[in-house]
Amino acid sequence: MSRPSDRCPGVLDPHPAADGLVARIRLPGGVVTPDQMRALAAFAADRGDGHLELTGRANVQVRGLSVVDDDAIEGLREAGLLPSGAHDRVRNVLVSPLSGRIGGRGDVRPLAADLDAALLDDAVLVDLPGRFLFGLDDGHGDVVAHGPDVGVFARDDASCEIVLGGARTGRVVDTGSAVAVLIALAREFLRRRGDRWRVADLDADVRAEVVGVLDTLTSPADGAPVTALPSDGPLVGWFDQDDGAVMLGAVVELARIPSRTAEFLAAIEHPIVVTADREILVCDLADGVADTVVRVLAPMGVIFDATSPWARVSACAGAPGCAKSYADVRGDLTAHVAARDADDPQLAGRQHWVGCDRGCGTPHTPHLRVTAGPDGYRRDRIGDEHV
């Protein structure tokens, strides 16, 4: 069956835009080591427009590239950011960003590494669509809210519930077997997908067949359903980890990290996690180090204030970078934020601004979408449905 072209960009298959090529670098679990951050900063400064853009899947992309060849990506390869050219676009693994550090019913971080290794070892799954999303939720419900195609929801350290098509299934597997089940489900989707991109797009009868396979790999959950743990808003500010260390959460304007700022983040020499809400988490810090990080990075435009509008707003590239956009979305959003106080009702809640009805980067979680058109902007409230 002929399938439409998969236009999700990677490193080896960048997307041509009005401002040059766009390369997206997958970060399974949103995890970035200091060396990897340095490599990303160099790639953006030497080859792109000098910025790292955070995406709604906790990945990074670089715009303004003129060419992407072996010489251009040598630093990315050496840093382990492109472990397999064949799997470049399929390593889409979203993980609860607090997992193993703050709360949660179980630490799903080890599963992320195991899942990525299993993906890289699977020659069949190189054909997964770039839109297909794996999700590992530590019990907060934050990853399930982003509608992963297949994933897990931790019940405790030893067991987890399978997620399929963005919904919890009530089917349980022991944590040690979870990765094998997810790989099997991804293979089953690939076998039956036709021209569909996501599990939620499957016809009802085809989806029922996939569920039937799931039933052979898992067992029904015993007892009352496990509820998601509460979430307290943006991961921006100073957070005490369960082990006594400090985690700093921050955002930057328009979710674009200047390469020079990225170099300073790398110089902290601590683990960094980027989130699907385009936050930057610097983890495992001592109190004194955390205080120094804030004092150094805040004047550089790194925002540690959870009440800042930039903790709640995001945007697509807009014009002139995107030829399809009706407006300079980033410029208009920046002016909108600058003209209002943080408590202005027009800045309340999460917002995403886009330049056309394609809605690039639109979150799966509830938000106000502000869409540019030939007659100006319109505002639409997006609820719990996946968009």
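Strand S13, which spans residues 246-250, is mostly covered, with five of its five residues buried; buried denotes under 20% relative accessible area, exposed over 50%, and partly exposed the range in between (1.4 Å probe, protein chains only). Strands (E, at least two residues) and helices (H or I, at least four) are DSSP runs numbered from the N terminus. The model is a predicted one, in which local features need pLDDT of at least 70 and side-chain atom pairs count only at pLDDT 80 or more, while totals for chains, interfaces and linings use all residues. Residues are numbered from 1 along each chain as its sequence is written, and side-chain values use heavy atoms, with hydrogens and water left out.

In a regular strand, side chains alternate between the two faces of the sheet. Both faces of S13 are covered: one side carries Val 246, Leu 248 and Ala 250, the other Met 247 and Gly 249, and all of these are buried. Strand pairing requires that DSSP find at least two bridges between the two strands. S12 and S13 run antiparallel and are joined by four bridges; Phe 239 has Met 247 of S13 as its bridge partner. These two strands form a hairpin with five residues between them, and Gly 244 in the turn has a positive phi of about 95 degrees. S13 also pairs with S16, again in the antiparallel sense and over four bridges, and here Gly 249 stands opposite Leu 281 of S16.

The nonpolar interior was examined next. A nonpolar core is a set of buried Ala, Val, Leu, Ile, Met, Phe, Trp, Tyr and Cys residues joined through side-chain atoms within 4.5 Å. The largest such core holds 47 residues, of which Ile 25, Phe 43, Leu 52 and Leu 265 touch the most other members. Helix H1 (residues 34-47) supplies the largest share of this core, six residues. When neighbours within four places in sequence are left aside, Leu 265 is in contact (heavy atoms within 4.5 Å) with Met 37, Ile 257, Ile 272, Ile 280, Val 282 and Leu 297.

Salt bridges, defined by a side-chain nitrogen of Lys or Arg within 4 Å of a carboxyl oxygen of Asp or Glu, number 24 in the whole structure. In one of them, the closest N and O atoms of Asp 284 and Arg 101 are 2.9 Å apart. Because Asp 284 belongs to strand S16 (residues 280-285) and Arg 101 to the loop between strand S6 (93-95) and helix H3 (109-120), this pair ties together parts that are 183 residues apart in sequence. Asp 284 is partly exposed, at 29% relative accessible area, whereas Arg 101 is buried at 8%. Another salt bridge joins Asp 70 to Arg 77, with an N to O distance of 3.6 Å; Asp 70 is exposed at 55% and Arg 77 partly exposed at 36%. The side chains of Arg 109 and Asp 107 meet at 3.3 Å, N to O. Through salt bridges that share partners, Asp 49, Glu 53, Arg 256 and Arg 330 are joined into one network.

Aromatic pairs comprise rings of Phe, Tyr and Trp (its six-membered ring) with centres within 6.5 Å; planes under 30 degrees apart count as stacked, over 60 as edge-to-face and the rest as tilted. Three aromatic pairs are found by this rule. Phe 132 and Phe 189 form a tilted pair, at 5.0 Å centre to centre with 35 degrees between the planes. Phe 132 lies in the loop between H3 and strand S7 (134-137) and Phe 189 in helix H4 (residues 178-192), so the pair ties together parts 57 residues apart in sequence. Both of these residues, Phe 132 and Phe 189, are buried. The pair of Trp 353 and Tyr 377 is likewise tilted, at 5.2 Å and 55 degrees; Trp 353 is in strand S18 (residues 351-354) and Tyr 377 in strand S20 (residues 376-382), 24 residues apart. Phe 132, Phe 134 and Phe 189 form one aromatic cluster.

A charge sits over a ring if NZ of Lys or CZ of Arg is within 6 Å of the ring centre and within 35 degrees of the ring normal. The charged end of Arg 131 is placed over the ring of Trp 197, 4.3 Å from its centre, and Arg 168 lies over the face of Phe 153 at 3.8 Å from the ring centre.
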